[in-house]
Structures are given as C-alpha cells and as structure tokens.
Amino acid sequence: MNCVNLGTCVQSRYRFYPAGRFRSPPFGILHSLRKVSISGITVERRQPISPLSTFIVYAVLAKEEAVKHEEEEKPPSNFKTYMVQKANIVNQALDAAITLREPQKIHEAMRYSLLAGGKRVRPVLCLAACELVGGRESMAMPAACAVEMIHTMSLIHDDLPCMDNDDLRRGKPTNHKVFGEDIAVLAGDALLSYAFEHIAVSTVGVSPARVVRAIGELAKSIGSEGLVAGQVVDISSEGLSNVGLEQLEFIHVHKTAALLEAPVVLGAILGGGTDEEIEKLRKFAMNIGLLFQVVDDILDVTKSSQELGKTAGKDLVADKVTYPKLLGIEKSRDFAEKLNKDAKDQLSGFDPEKAAPLIALANYIAYRQN
C-alpha cells in the first residue's frame with residue numbers, strides 16, 4: 001500500500017440511495033430530503049450547508065486507485081502514521097484488557113482472534129470522535145476496545161459452519177478451525193459480555209450518566225434491532241431471487257453500519273459532545289458504515305483471497321444479494337463515492353483540524369483494497 005494525498009473535501013448535495021422507503025427507525029439517515037428517481041435509484045437533494053474549510057488529508061490507497069485533486073498543499077498530518085500509532089495504542093490496550101488466565105483455553109481463543117491483526121478502524125473512529133468533541137483519548141479507550149471485542153465476536157460467529165462457514169480470517173485459520181466450534185462459540189460469547197464489563201469498570205474521567213448512555217447505545221447497536229437484525233435478514237435472504245435494494249440496505253445498515261455507527265457515537269458521548277454533535281456524527285457514521293459494505297461487496301468480486309486475507313467470492317457461492325449484483329460494479333462505485341461525500345458533509349461546522357482524521361478515515365474506507 002502507498003500513501004496518496006487527497007484533495008479538498010468536496011461538498012456533496014446529492015446522494016444516491018436505493019429506491020423505496022427507508023425502513024430503519026433506529027438509524028434516521030434521511031431527514032428533510034427531496035427524492036427523485038433516476039434509473040431505479042433515488043437521488044436525494046439536501047439543503048445547502050456550509051462547506052468544510054480547505055484542507056488535505058492522507059488516505060491509504062492502492063496504486064490503481066488514483067485520486068484527482070485540485071490543490072497540492074502540505075497535509076496537516078500523515079494519515080498512515082496516524083492509523084499505525086492509534087492502532088498500536090489500541091492493540092496494547094486490548095492485550096492488557098484480556099490476559100491469559102484460567103480457564104486458559106477460553107482466554108487463548110479470545111486472544112487468538114482479538115489480537116490477530118486488523119486495521120482497528122472501529123476503535124480509531126471511537127477515539128477520533130471523542131477528540132473531535134473535545135474529549136481525551138483516555139476517556140474513550142475502554143469503549144474503543146469494547147467495540148473491537150464485539151466486532152471480533154461477530155467475526156468468530158460469522159465464520160462458523162452454521163453461518164458463513166469460512167476457514168480464513170485476517171490471513172489466519174478461523175477460530176473454530178483452531179479451537180473447535182464449541183470453544184469458538186464460547187469465545188465469542190465471552191468477548192461480548194466482557195466488552196460491557198470493560199466499559200463499566202475501566203472508563204475514567206467520564207460522568208456515570210454518560211457511561212450508562214454509552215453502554216445503552218452499544219447494546220442497542222448489536223441487539224435484535226441492530227447487528228442481529230441484519231444478520232437474521234441476511235440469512236433469510238440467501239438464495240431468494242426477489243431481494244431488492246431496500247431489503248439489501250436494511251441488512252447492511254443493521255449488520256455492518258450499526259457496528260461502525262456505535263464507536264463514533266460512543267466516542268462523541270464519552271467525550272462530552274452535545275446532542276446536536278452526537279447526531280451529526282451518527283449520520284456521518286451511518287454513511288461510512290454503508291460505504292464500508294458497498295466497498296466490501298466490490299472487493300469480494302474483484303480481489304483474490306490472498307489480497308483480502310479472507311475467502312474471496314464467498315457471497316457468489318452463497319448466492320447472496322450484493323450491491324454489484326443488483327447495481328453492477330460501476331454503479332456500485334458511484335454509490336460508494338456519493339456515500340463518502342455525504343458522510344463528510346456531516347462534519348461541516350467542526351474544527352477542520354480535529355475533523356481531519358475522520359475525513360481521512362472516510363476516504364480510507366472508500367478506497368481500501370482489502
């Protein structure tokens with residue numbers, strides 16, 4: 001991978017969204033938008049908002065993903081360095097949070113998947129959101145770790161034979177291939193429960209009311225109206241021929257976007273953000289969450305297993321509905337670009353320097369190669 005400067009953040013007043021009524025009450029993305037249908041895709045026109053101040057940020061892109069920019073200026077920070085530094089801090093915190101102790105086998109299994117690598121996008125989003133609203137990194141670190149624990153749980157369970165039946169995750173054998181299905185299930189359960197304990201016990205410098213609010217927010221994002229809802233509808237949709245964009249959106253707003261929304265909102269809550277700031281960041285996160293899935297769908301059919309570090313083409317094998325399957329590759333890329341621009345619009349009004357990491361993270365998600 002190489003670092004490429006991204007140009008001025010361009011304000012987007014239009015957004016492509018699957019035609020039909022949005023049915024996800026917990027995630028109000030759509031607010032006061034005019035809709036017109038263009039080739040089966042609804043274009044939503046936003047009211048003009050103040051543009052972000054001009055600044056350049058770094059994102060990690062593959063060589064073939066050339067990004068045009070209008071200005072050549074020295075960026076305020078090196079995004080690749082920022083990500084590496086934050087990921088290292090998160091990895092240290094995760095290592096310290098779950099140590100080897102009795103029963104040793106379950107803790108080995110928990111640590112095997114939790115410390116197997118990964119980009120740590122979710123915890124970094126949590127820390128960046130906290131700092132954006134004026135909080136300190138230490139306030140959000142337990143929550144950042146908790147989100148990564150829950151994300152790891154979802155991967156362990158998603159890879160099980162009864163779910164996606166996958167043998168490879170982050171370039172390594174999946175948890176159940178190493179420890180067996182029974183221990184893999186229990187490792188996921190243990191990570192899930194410990195995540196909430198970790199926030200409750202380890203968060204310092206934050207009022208109890210905000211800690212409780214954060215715990216409630218995280219629980220909702222992964223429950224029967226969040227991650228689980230998306231997973232259930234995803235499983236139920238396999239092999240069906242009548243799954244449309246609206247149902248696909250429901251799946252990924254809940255299954256994928258919910259676990260990207262949660263760390264951003266948690267960071268804003270724990271950092272002392274106002275209700276208005278929290279909701280703006282919620283909308284930002286919902287857009288990058290859906291963006292993450294659209295890009296994931298594209299990569300699944302355009303990259304190899306070696307490039308991805310996980311099994312490529314498994315959605316095709318499972319006969320799952322994906323954005324490329326419904327829209328085609330090019331329209332899926334157009335949709336991703338619109339989601340990226342719309343996400344960055346939500347950061348208007350924040351300090352541009354503090355918002356730079358979130359802008360760069362949105363670009364990173366949009367142009368990632370694995």
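**Overview**

Buried residues make up 55% of the 370 residues in the protein chain; buried means under 20% relative accessible area, exposed over 50%, and partly exposed in between, with a 1.4 Å probe and protein chains only. This is a predicted model, where local features need pLDDT of at least 70, side-chain atom pairs count only at pLDDT 80 or more, and totals for chains, interfaces and linings use all residues. Residues are numbered from 1 along each chain as its sequence is written, and side-chain values use heavy atoms, with hydrogens and water left out.

Me: How many helices and strands are there in the protein chain?
Reply: Helices are DSSP runs of H or I with at least four residues, strands are runs of E with at least two, and both are numbered from the N terminus. Counted that way, the protein chain has 15 helices and seven strands.

Me: Among contacts between residues at least 6 apart in sequence, what share joins residues at least 24 apart?
Reply: Contact means heavy atoms within 4.5 Å. Take the contacts in the protein chain between residues at least 6 apart in sequence; the share joining residues at least 24 apart is 76%.

**Helix H3 and its partners**

Me: Are H3 and H9 roughly parallel or roughly antiparallel?
Reply: Axes are lines fitted to C-alpha atoms, for helices over the stretch in contact, and angles run from 0 to 180 degrees between N-to-C directions. The axes of H3 (residues 121-132) and H9 (residues 245-270) come within 7 Å and cross at roughly 30 degrees. Angles under 35 degrees count as roughly parallel, over 145 as roughly antiparallel, 65 to 115 as roughly perpendicular and the rest as oblique. H3 and H9 are therefore roughly parallel.

Me: How many residues of the contact of H3 with H9 are nonpolar?
Reply: On the H3 side are Val121, Arg122, Leu125, Cys126, Ala129 and Cys130, and they meet H9 residues including Leu259, Pro263 and Gly267. Ala, Val, Leu, Ile, Met, Phe, Trp, Tyr, Cys and Pro count as nonpolar, Asp, Glu, Lys and Arg as charged, and the others, Gly among them, as polar. The contact of H3 with H9 has one polar residue, one charged residue, and a nonpolar count of 11.

Me: Are H3 and H10 roughly parallel or roughly antiparallel?
Reply: H3 and H10 (residues 275-302) have axes 12 Å apart. Their packing angle is about 160 degrees. H3 and H10 are therefore roughly antiparallel.

Me: How many charged residues are in the contact of H3 with H10?
Reply: Arg122, Leu125, Ala129 and Leu132 in H3 meet Leu281, Phe284, Ile288 and Phe292 in H10. The contact of H3 with H10 has seven nonpolar residues and no polar ones, and its charged count is one.

**Helices H1 and H4**

Me: Are H1 and H4 roughly parallel or roughly perpendicular?
Reply: The axes of H1 (residues 79-97) and H4 (residues 137-158) come within 10 Å. They cross at roughly 70 degrees. H1 and H4 are therefore roughly perpendicular.

Me: How many residues of the contact of H1 with H4 are charged?
Reply: From H1, residues including Lys86, Ile89 and Val90 meet H4 residues, among them Glu137, Met141 and Glu148. The contact of H1 with H4 has eight nonpolar residues and no polar ones, with a charged count of three.

**Cysteines**

Me: How many disulfides does the structure hold?
Reply: A disulfide is a covalent bond between the sulfur atoms of two cysteines. The cut-off is a pair of cysteine sulfur atoms within 2.5 Å. The number of disulfides in the structure is zero.

Me: Which cysteine sulfur is nearest to that of Cys126?
Reply: Cys126 is in no disulfide. Its relative accessibility is 0%, so Cys126 counts as buried. The nearest cysteine sulfur is 7.0 Å away, and it belongs to Cys130.

**Backbone details**

Me: Is the peptide bond from Glu102 to Pro103 cis or trans?
Reply: Pro103 lies in the loop between H1 and H2 (104-114). Most peptide bonds are trans. From Glu102 to Pro103, omega is near -10 degrees, and the bond is cis.

Me: Is Arg120 buried or exposed?
Reply: Arg120 is found in the loop between H2 and H3. Its phi is near 60 degrees, a positive value in a residue other than glycine. The relative accessible area of Arg120 is 3%, so Arg120 is buried.
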